[in-house]
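Subject: Structure handover

Hello,

Here is the structure you asked to look at. Please keep it open while you read the notes that follow.

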Amino acid sequence: MKNHVLKNSGIAIGLFGALVVSSSFAQEFMPAMRHPGARIAMSKAQVSTRMSDSPTYTYTLLSYPGTLDTQGVGINPDALDPDLGGQSGTARPKIKVVGAWSSPDGTSQTGFLARVSGTKPVRETYDLLNDPLGSLVQQPYSINDFGQIVGDYYMGEIGGSYIFHSYELDGDKFIPLNVPFVGAVSTFSPAINNTGEIVGGWTDSAGNSHGYTLIGGAYTSFDYPGGGQIQLYLSVNSQGDIAGSYADASGNVHGFLRRGDTYTSIDFPGAVYTASTGINDADEIVGSYCPTSQCLATGGEGLQGFILKNGIYTTFAIPGEYATALASINNKGVLMGNYYDANVSAADTANHVYTFLATPTP
């Protein structure tokens, strides 16, 4: 993948919290002028999906305390908080979300871990999450039920290519994730499953991007067949199936599923852009798509989320808002995503991003 393809993928990536870096860095990360911790009331009618046979959801908005911009990226697969000490042999229901928030002056992006439990009321607790050896721009991407977290941080540009370094956080220890491949200059967008398998991307010195797996301490590189270039965000379920996105030779972005050595392209019907961002153990895949060229031209106006299950696509959108993207889906069908509010403009898309959980209603 050449650098211009990576930049184009920011249409969807910016919505679910991946690092989006440009020469106008401070402007890109300037949050909306809202009161810290303010919530937006969302009625069931407003947030219902558009297909009559789709499930209904209960919605929870997440906001890091005292900030104006919260972007979620990953959710733990089974929404459990295991008793790792082995005292009770039980696991408590608890959704964990990793993501990032931007500083008010737009000069930094800080990772967080949110723990969400209860229903009435919903209880949220937040912890900061930054690799102390990293930069001022950090992003955790994925978390499993055992609290293992993977992420990356931005270190600038070399020859027009973005440079990222990745890490795994296990307990209180940050472990570098650096692929050993010849010519590698950057590692990005890692994901981890409940068995500890890690997938991610890496960039070579020519600016081309590839995927990798890290299983049992061994790194293995992979590429989408036919020269497709791996994009910023990948996901892996407990069976080792990988969902992600690639750019073709013309720079068009498509989703994909890799099961074993078999690759399947994912394109929402009629869409001009499709990005797959999450997969669960039931092979439900989520992501986002641009339905028109206008969506691409404006940096995401009209972007919509999708759920792919048993070969059937279901649109998911927050009606009346500028754009919606789904980032993750756990094994209970809980969706996590982000949306741009209706006050956003094409020149100011990074300033109006909000995170939500959508829990299926029994």
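Which side chain does Arg258 join through a polar contact of 3.4 Å? The partner is the side chain of Tyr263. Please bear in mind that this is a predicted model.

**Arg258**

Arg258 belongs to strand S19, which covers residues 253-259. This arginine is buried but has no salt bridge. Asp261 is the nearest side chain of opposite charge, at 5.5 Å, and a salt bridge needs the two charged groups within 4 Å. A polar atom of the Arg258 side chain also lies 3.4 Å from the backbone oxygen of Gly260. Leaving aside neighbours within four places in sequence, the residues in contact with Arg258 are Thr213, Phe222, Gly240, Asp241, Ile242 and Tyr263.

**The nonpolar cores**

In soluble globular proteins, nonpolar side chains tend to be buried together. Here the largest nonpolar core has 15 residues. Ile75, Ile95, Val97 and Leu357 have the most contacts inside it. Strand S5 (95-102) and strand S6 (109-117) are the elements that give two or more residues to this core. Not counting residues up to four places away in sequence, Val97 touches Leu62, Gly72, Gly74, Ile75, Phe112, Leu113, Ala114, Met336 and Leu357. Apart from this core lies another, of 14 residues, including Val286, Ile307, Tyr339 and Phe356.

How many of the six residues of strand S26 (residues 335-340) are buried? The count is six of six. Leu335, Gly337 and Tyr339 are buried on one side, and Met336, Asn338 and Tyr340 are buried on the other. Both faces of S26 are therefore covered.

S26 is antiparallel to strand S25 (residues 323-329), and six bridges join the two. Leu326 stands opposite Gly337 across this pairing. S25 and S26 make a hairpin with five residues between them, and Gly333 in its turn has a positive phi of about 85°. S26 also pairs with strand S27 (residues 353-360), in the antiparallel sense and over six bridges. There, Asn338 has Thr355 as its bridge partner.

**Strands S21 and S22**

Strand S21 (residues 273-279) is largely enclosed by the rest of the structure, because seven of its seven residues are buried. Six bridges connect S21 to strand S22 (residues 285-290), and the two run antiparallel. Ile279 has Ile285 as its bridge partner in S22. The hairpin of S21 and S22 has five residues between the strands, and Asp283 takes a positive phi near 65° there.

**Positive phi at Ser189 and Asn310**

Most residues other than glycine have a negative phi. Ser189 has a positive phi, near 55°, and so does Asn310, at about 55°.

Is Ser189 buried or exposed? Ser189 counts as buried because its relative accessibility is 0%. Its place is in strand S12 (residues 184-192). Asn310 sits in the loop between S23 and S24, and its relative accessibility of 70% means that it counts as exposed.

Gly311 is found in the loop between strand S23 (304-309) and strand S24 (312-316). At 62% relative accessibility, Gly311 counts as exposed, because the cut-off is over 50%. Gly311 and Ile266 are 45 residues apart in sequence, and their C-alpha atoms are 10.0 Å apart in space.

Regards

Note on methods
Residues numbered from 1 in each chain as written. Predicted model: local features only at pLDDT ≥ 70, side-chain atom pairs only at ≥ 80, totals over all residues. Heavy atoms only, no water. Core = buried A, V, L, I, M, F, W, Y, C linked by side-chain atoms within 4.5 Å. Buried < 20%, exposed > 50% of the residue type's maximum accessible area, 1.4 Å probe, protein only. Helix = DSSP H or I, 4+ residues; strand = E, 2+ residues; numbered from the N terminus. Contact = heavy atoms within 4.5 Å. Lys, Arg positive; Asp, Glu negative; His and termini not counted. Polar contact = N/O pair within 3.5 Å; in protein donor to acceptor, adjacent residues only side chain to side chain. Pairing = 2+ DSSP bridges.
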